[in-house]
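Let's take a walk through a protein chain together. Have the picture open while you read, and try to find each spot as it comes up.

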Amino acid sequence: GSDSVRRIQPGDVALLCLTNSECKLFAKAFQKKGIPVTYKNDDFSMQTEIQLVITLLKFMVNASNKKTRAELLRLLDDQSTTELLNNRLAYLNSKLDEEQDLWQEEHPLIVKLLNFRRMSSGLSVSDLTKRLVYGLWLFDVVCKWGEADMRQQNLYTLCDLVAQYDSRCEQMGLGASVSGFINYLSYVKIDVKIDNTANAVKVLTYHGSKGLEWNYVILSSLE
């Protein structure tokens, strides 16, 4: 065998804290230094990747909503809020006599999503959500925003949650809907686990570290 020593990788290291709020502070500090990190974030439904899927679901229900279109262009086409607002005002000023509001109707992203919507009609909320996540390659999209491992894990968790929602509605004899699923996300207890296989520093609480092992462990908040 080789006598060479492997350099320490981010995935070899864990940092343990007393509280989730401390975990978030340490994780943000690692991110600022460009160090890969994964941590348990309790604000699940407010994460950008989850908001993206929620906005896409809203578009599938009502493609003409201009606020939804603007949010998708901001998230997927890197347009700033100011750019979108100015574009919207310019359109309204130039189309005062038109009855139909076709703002951004010919934008390539909107055209793509409209076609996707037509091909996805009649799907259950669970199947529609999974079709959006996998069919639009969202696992690749969210990697561009940093914290790739955490964001991708959140998408997997979302797919599990929508399946649970559909099953729950079926058991209770309720009709499943996009609005019902969005509301479900606002109150369901979500057990977000960190991805211990990711090559990133793991930041978690002492309690959350039970049963897990790493080559190097940093203990914080011991005073």
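**The whole chain**

First things first: what you're looking at is a predicted model. The chain has 223 residues, and 39% of them count as buried. Its C-alpha trace spans about 75 × 45 × 45 Å along the principal axes.

What is the chain built from? There are 9 helices and 4 strands. If you start at the N terminus and read along, the elements go β-α-β-α-α-α-α-α-α-α-α-β-β.

Among contacts with a separation of 6 or more, 65% are between residues 24 or more positions apart.

The accessible surface comes to about 13400 Å², and carbon and sulfur atoms hold 51% of that. As for charge, there are 26 positive and 27 negative side chains, with the centres of the two sets lying 1 Å apart.

Find strand E3, which covers residues 201-205. How many of its residues are buried? The count is 5 of 5, so the strand is mostly covered by the definition of buried as under 20% relative accessible area. Val 201, Val 203 and Thr 205 point one way from E3, while Lys 202 and Leu 204 point the other way. Both sets are buried, and that includes the lysine.

Which strands pair with E3? One is strand E1 (residues 13-17), which pairs with E3 in the parallel sense over 4 bridges. To spot this pairing, look for Cys 17, whose bridge partner in E3 is Thr 205. Another is strand E2 (residues 37-39), which runs parallel to E3 and is joined to it by 3 bridges. Here you can look for Tyr 39, standing opposite Val 203 of E3.

**Helix H6 and what it packs against**

Next, move to helix H6, residues 125-135. Its buried residues are Val 125, Ser 126, Leu 128, Thr 129, Leu 132 and Val 133. What do these pack against? Their partners are helix H2 (48-61), H5, helix H7 (138-141), H8 and helix H9 (178-187). After H6 comes Trp 137, which has a positive phi, near 55°.

**Salt bridges**

A search of the whole structure turns up 5 salt bridges.

| Salt bridge | N to O distance |
|---|---|
| Arg 151 and Glu 49 | 2.5 Å |
| Arg 69 and Glu 105 | 2.8 Å |
| Glu 71 and Arg 74 | 2.6 Å |

Let's take them in turn. Arg 151 forms a salt bridge with Glu 49. Arg 151 sits in helix H8 and Glu 49 in helix H2, so this pair ties together parts that are 102 residues apart in sequence. Both Arg 151 and Glu 49 are buried.

Arg 69 forms a salt bridge with Glu 105. This pair also links distant parts of the chain: Arg 69 is in helix H3 (residues 66-76), Glu 105 is in the loop between H4 and H5, and 36 residues separate them. Why does Arg 69 count as buried? Because its relative accessibility is 3%, and the cut-off for buried is under 20%. Glu 105 has a relative accessible area of 28%, so it is partly exposed.

Glu 71 and Arg 74 both lie in helix H3, 3 residues apart, which is about one turn of the helix. Glu 71 is partly exposed, at 25% relative accessible area. Arg 74 counts as partly exposed too, at 33%.

**Two single residues**

Asp 166 lies in helix H8. It is buried yet has no salt bridge, and the nearest side chain of opposite charge, Lys 130, is 7.6 Å away. A salt bridge needs a nitrogen and a carboxyl oxygen within 4 Å. Leaving aside residues up to four places away in sequence, Asp 166 touches Ser 124, Val 125, Ser 126 and Ala 176.

Finally, look for Leu 102, in the loop between helix H4 (81-94) and helix H5 (108-119). Is Leu 102 buried or partly exposed? With 36% relative accessibility, it counts as partly exposed. Leu 102 and Lys 66 are 36 residues apart in sequence, and their C-alpha atoms are 9.3 Å apart in space.

Definitions and conventions: Residues numbered from 1 in each chain as written. Predicted model: local features only at pLDDT ≥ 70, side-chain atom pairs only at ≥ 80, totals over all residues. Heavy atoms only, no water. Buried < 20%, exposed > 50% of the residue type's maximum accessible area, 1.4 Å probe, protein only. Helix = DSSP H or I, 4+ residues; strand = E, 2+ residues; numbered from the N terminus. Pairing = 2+ DSSP bridges. Contact = heavy atoms within 4.5 Å. Areas by Shrake-Rupley, 256 points an atom, 1.4 Å probe, with all protein chains shown as cover. Lys, Arg positive; Asp, Glu negative; His and termini not counted. Charge placed at Lys NZ, Arg CZ, Asp CG, Glu CD.
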